[in-house]
Amino acid sequence: MSAPVHLRDATPADWPGVWRVLEPVLRAGETYAYPRDITEDDARAAWTGSPGVRVLVAVDDAGTVLGTAKYLPNHPGAGAHVANASFVVAPDAAGRGVGRALARAVLDGARADGYRAMQFNAVVETNTRAVALWESLGFAVLATVPEAFDHPVHGLVGLHVMHRAL
Ligand SMILES: CC(C)(COP(=O)(O)OP(=O)(O)OC[C@H]1O[C@@H](n2cnc3c(N)ncnc32)[C@H](O)[C@@H]1OP(=O)(O)O)[C@@H](O)C(=O)NCCC(=O)NCCS
């Protein structure tokens, strides 16, 4: 049976745990278009430093960070009623419902914060597990930008733009 997962807003003290989760995924370069050699400082700025961002963590009973998500305005000004979001679960915690729990918390949080919709700008089309998760939560693929992502294993693959109303 899976251990309980608790969801809450991240604090600055969570960063080492958040980085432990992010680093292997960003280094792998298969799901996000960050430089694979990104520094910890740049990753921290990218994950936690954007205007209007809200960062969540999923932790176990011991306080270990198992996953993290962030959401923020997809565009400023006239586009700020549409949220964008990103999710990463630690590889050693995958497949236990952490991603789905984070996604539900992000959808609920974004709705409560007044966002009217959520848009993912760049879901790698070979990331079938994530695509299936987002579709199960009501997202639709609006379009696929061809060959927009240089995958380290599959080469040039498409990026889905995914969307749902809130
Ligand atoms: C995508 C990601 C966030 C999913 O998180 P997760 O905690 O592993 O996902 P969950 O355990 O909540 O499972 C979600 C769904 O994935 C599928 N899934 C879970 N474990 C799986 C496995 N071992 N193999 C294949 N699919 C699996 C199931 O369809 C599951 O749906 P269910 O709840 O109906 O069973 C996580 O794999 C991750 O961080 N990947 C790297 C970064 C990334 O791709 N982020 C998203 C970019 S768009």
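Entry 1, ligand shell. I looked up what surrounds the ligand in this predicted model and found 19 residues around it, of which T31, A94, G95, G99 and R100 come nearest. I then sorted the shell by residue class and got 11 nonpolar, five polar and three charged.

I checked which elements supply at least two shell residues each, and they are strand 4 (82–89), helix 3 (98–112), strand 5 (117–124) and helix 4 (128–136). Helix 4 gives the most, with four residues.

Is strand 4 mostly covered or mostly open? I find it mostly covered, with seven of its eight residues buried.

I looked up its partners. Strand 3 (residues 65–73) runs antiparallel to strand 4, and seven bridges join the two. With strand 5 the pairing is parallel, over three bridges. I took N84 of strand 4 as a reference point: L72 stands opposite N84, and in strand 5 the bridge partner of N84 is Q119.

I looked up how helix 1 (residues 15–28) meets helix 2 (residues 40–48): their axes come within 11 Å and cross at roughly 100°. I therefore note helix 1 as roughly perpendicular to helix 2, as angles of 65 to 115 degrees are classed that way. On the helix 1 side I list W15, V18, W19, L22 and L26 in the contact, and on the helix 2 side E40, A43, R44 and W47. By class, I count seven nonpolar residues, no polar ones and two charged in this contact.

Technical notes
Residues are numbered from 1 along each chain as its sequence is written. This is a predicted model: local features need pLDDT of at least 70, side-chain atom pairs count only at pLDDT 80 or more; totals for chains, interfaces and linings use all residues. A residue is near a molecule or strand if its C-beta atom, placed from the backbone, lies within 6 Å of it. Ala, Val, Leu, Ile, Met, Phe, Trp, Tyr, Cys and Pro count as nonpolar, Asp, Glu, Lys and Arg as charged, and the others, Gly among them, as polar. Axes are lines fitted to C-alpha atoms, for helices over the stretch in contact, and angles run from 0 to 180 degrees between N-to-C directions. Angles under 35 degrees count as roughly parallel, over 145 as roughly antiparallel, 65 to 115 as roughly perpendicular and the rest as oblique. Two residues are in contact if their C-beta atoms, placed from the backbone, lie within 7 Å. A residue is buried if 20 or more other C-beta atoms lie within 10 Å of its own, exposed if 12 or fewer, and partly exposed in between; C-beta atoms are placed from the backbone. Two strands pair if DSSP finds at least two bridges between them.
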